[in-house]
Amino acid sequence: MGVARQIGSMRRVFPTARRNKSDAFRWLGRRPQLLAAIAVHEVALVTSGRVDMRLKALGEIKAAALTNCEYCLDIGSAFARDLGLTEAQLRALPTFRDSGEFDDTEKLVLELAEAMSRTPAHIGDDLRARLLGRFSRTQLTELAAAIAWENHRGRLNQALGIRPSGFSDGGFCVVPEK
């Protein structure tokens, strides 16, 4: 169900791009082997399906906010809304620890995303133990891989100057965090 839901979300969100649609492909098309590797990695993350897509989207949008990738925030906000995250939750990301918008599991995912997205990244034994108390090793692997990949996307997009595409035009878009 989760895989089909995420594929459905992609089918709904991708066509809503209004501008700068080919930025990434213009850059990555210069190195087809990198484009192919990125595509394979994206498919692997989508089809893993052991973690609720909402939780992965939550971790990814938090990572996007911390890496300050405008494209990632644009598309990530649209995916997050499509997968059921509320505008109130998206607005509460910077203050998630004190917010009533998130349950304990969501706060744990946000804490992981924050730890993985800071420089230097540091995931302490306590956080890992709390995560393993809630997620299986398989699930934690998938969740960490999704957040790490969002960090990769954000940093690559910034380096290449990939611009927002208007996925969140007319809807709330998460803003960068410091």
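This is a predicted model: local features need pLDDT of at least 70, side-chain atom pairs count only at pLDDT 80 or more; totals for chains, interfaces and linings use all residues.
Figure 1. Beyond its neighbours within four places in sequence, Phe167 is in contact with Val13, Phe14, Thr16, Ala17, Arg18, Tyr71, Asp74, Ile75, Ala78 and Arg81. With a relative accessibility of 6%, below the 20% limit, Phe167 counts as buried.

**Figure 2. The largest nonpolar core.** This core holds 29 residues, of which Ile61, Leu90, Leu93, Phe102, Phe167 and Val174 touch the most other members. At least two core residues come from each of helix H4 (53-67) and helix H5 (70-82). The greatest contribution is that of H5, which gives seven residues. Another core, of 15 residues, lies apart from this one and includes Ala63, Val109, Met116 and Leu140.

**Figure 3. Aromatic pairs and the cluster around Phe167.** The model contains three aromatic pairs. In one of them, the ring centres of Phe14 and Phe79 are 5.6 Å apart and the planes meet at 80°; the pair is therefore edge-to-face, for which the angle must be over 60 degrees. Phe14 belongs to the loop between helix H1 (2-13) and helix H2 (23-28), whereas Phe79 belongs to helix H5, so that the pair links distant parts of the chain, 65 residues apart. Phe14 is partly exposed, at 42% relative accessibility, while Phe79 is buried, at 16% relative accessible area. Tyr71 and Phe167 also form an edge-to-face pair, with 5.9 Å between centres and 80° between planes. Tyr71 is buried, its relative accessible area being 18%. Together, Phe14, Tyr71, Phe79 and Phe167 make up one aromatic cluster.

**Figure 4. Helix H4 and its two ends.** H4 is largely enclosed by the rest of the structure, because 15 of its 15 residues are buried. Its end C-alpha atoms are 21 Å apart, in agreement with the 21 Å that its 15 residues should span at 1.5 Å a residue. At the start of H4, a side-chain oxygen of Asp52 comes to within 2.8 Å of the backbone nitrogen of Arg54. Asn68, just after the helix, adopts a positive phi of about 60°.

**Figure 5. Arginine side chains over aromatic rings.** The charged end of Arg30 is placed over the ring of Trp27, at 5.6 Å from the ring centre. Arg134 lies over the face of Phe135, and its distance from the centre of that ring is 4.9 Å.

Technical notes:
Residues are numbered from 1 along each chain as its sequence is written. Side-chain values use heavy atoms; hydrogens and water are left out. A nonpolar core is a set of buried Ala, Val, Leu, Ile, Met, Phe, Trp, Tyr and Cys residues joined through side-chain atoms within 4.5 Å. Buried means under 20% relative accessible area, exposed over 50%, partly exposed in between (1.4 Å probe, protein chains only). Helices (H or I, at least four residues) and strands (E, at least two) are DSSP runs, numbered from the N terminus. Contact means heavy atoms within 4.5 Å. The expected span of a helix is 1.5 Å times one less than its number of residues. A polar contact is a pair of N or O atoms within 3.5 Å; within protein, one must be able to donate a hydrogen and the other to accept it, and residues adjacent in sequence count only if both atoms are side-chain atoms. Rings of Phe, Tyr and Trp (its six-membered ring) pair if their centres lie within 6.5 Å; planes under 30 degrees apart count as stacked, over 60 as edge-to-face and the rest as tilted. A charge sits over a ring if NZ of Lys or CZ of Arg is within 6 Å of the ring centre and within 35 degrees of the ring normal.
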